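Reader: I am new to this structure. Please take me closely through one part of it, the packing of its helices.

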Amino acid sequence: MRVSILVGLGSSFLLVIGAGSSAEPAAPPGPAPAASSAPSAPPRLAASLAPTPPMGWNSWNRFGCNVGERVVLGAADALVKAGMKDAGYRYVVIDDCWQGKRDAAGAIVADPARFPSGIRALADAVHARGLALGIYSDAGTLTCAKRPGSKDHEVDDARAYAAWGVDYLKYDWCNTEGQDTREAYGTMSRALRATGRPMILSICEWGSTKPWLWAAGVGQLWRATGDIQDCWDCGTSWGGMGVVHIIDLMAELYPFSGPGHWNDPDMLEVGNHGLTLVENRAHFSFWALFAAPLMAGNDLQTMSADIRAILTNREVIAVDQDPLGIQGRKVRDNGPHEVWMKPLADGTRAVILFNRGTEESPITVEWEDIGLHQGGRATVRDLWKGIDVGTFRGRYQARVSPHGVIMLKLTADPTGAP
Ligand code: GLA
């Protein structure tokens, strides 16, 4: 069911591209350098591949199969121009539909109509902008949109990615009948390592075989859920799900995430068209509280100032990127009103007051629920308003919009202890 609908989606995007609708202004990256020279390096290579959750942009949520080098370079330029690169976004990831057919020798090649300059030239162009390039494949015979998968080509495909200068592989799970996730992802993980080029492996089997129990050390992140949909609480009829459903699935998984091995609740829908501004802020706040990979999934060239402000909120991003790498969890559940907390490396706490109901309501965080002395004082900072709201003893209450959050940082006041 899921596959046929995705293919349908892919076909309709193909029709759009056939009509020549791509409007991005960026120039193509130019001819590929000689194949024998070493691929270009991304600007900085961290000692560990993902000590904090990877951040970047991925083509799928907004562009689907309507992807090409102009779309990708347009996104790379927009990441820089919008201040997102400076805020920490680094990986520009081409999702499904970049592939053409395999050549006579079985080598994977980019679709010449979509990527006329080739992936190597695109990687060079992305690196020249101070960013890193991600690509997509699938452990089965075909990708979800029916492009060639990597089954039985893992070593050659990994070598091709390394030769092109790729820095990140998202590896999907369509058309894998009879295959075992641990074996298939292990095979690609080893193939990537054998190239000698550091490449992040983003595991994407939708949580189907509980990767949080086996995938640390295989990849740096694993999808924990089905595909995100551009909606707040829409249903799950073909395997996709709204933001609230994903929040609920992530609630139980906090013990399994940490530096170098992250639960991935899927790419962001912030700035696409299905969420209100309040819901977009709530979505981004939760992904930060979850220490989730932050892969923007919108059209960066046309986003509004409000959306840019969400995606570049440094204080919220700092919660996501906190070096302790703890996934936040729910600490209080009063029906539609919830309190969530993530401990941070400096001893402070990020807190979300979450109203999943339909009426604006006061929500209270009690110090004892977040590991503070109930009689003590704490300074409360509102991360979306960017202001300290005051120092409080025992609890803090704020009114929260329906489908909204108030996101706070609490610093215990040592002088205020009883
Ligand atoms: C699957 C993945 C998505 C996207 C599509 C591409 O559904 O879960 O994130 O990569 O395939 O076809």
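Author: Start with a term. A crossing is left-handed if the near helix is turned anticlockwise from the far one by less than a right angle, and right-handed if clockwise. Keep in mind that this model is predicted.

Now take α8 and α9. Helix α8 covers residues 243–250, and helix α9 covers residues 277–289. α8 passes α9 in a left-handed crossing. Their packing angle is about 20°, and their axes lie 11 Å apart. Angles under 35 degrees count as roughly parallel. So α8 is roughly parallel to α9. Which residues make the contact? From α8 come Val243, Ile246 and Ile247. From α9 come His283, Phe286 and Trp287. Of the residues in this contact, 5 are nonpolar and 1 is polar, with no charged residue.

Turn next to α6 and α7. Helix α6 spans residues 154–164, and helix α7 spans residues 181–194. These two pack at an angle of about 40°, with axes 8 Å apart. The pair is therefore oblique. What is the hand of the crossing? α6 passes α7 in a right-handed crossing. On the α6 side, Glu154, Val155, Ala158 and Tyr161 make the contact. On the α7 side, the contact residues are Thr187, Met188, Ala191 and Leu192. This contact divides into 6 nonpolar residues, 1 polar and 1 charged.

α8 crosses α9 with a left hand, while α6 crosses α7 with a right hand. The α8 and α9 contact has no charged residue, whereas the α6 and α7 contact has 1.

Key: Residues are numbered from 1 along each chain as its sequence is written. This is a predicted model: local features need pLDDT of at least 70, side-chain atom pairs count only at pLDDT 80 or more; totals for chains, interfaces and linings use all residues. Side-chain values use heavy atoms; hydrogens and water are left out. Axes are lines fitted to C-alpha atoms, for helices over the stretch in contact, and angles run from 0 to 180 degrees between N-to-C directions. Helices (H or I, at least four residues) and strands (E, at least two) are DSSP runs, numbered from the N terminus. Angles under 35 degrees count as roughly parallel, over 145 as roughly antiparallel, 65 to 115 as roughly perpendicular and the rest as oblique. Contact means heavy atoms within 4.5 Å. Ala, Val, Leu, Ile, Met, Phe, Trp, Tyr, Cys and Pro count as nonpolar, Asp, Glu, Lys and Arg as charged, and the others, Gly among them, as polar.
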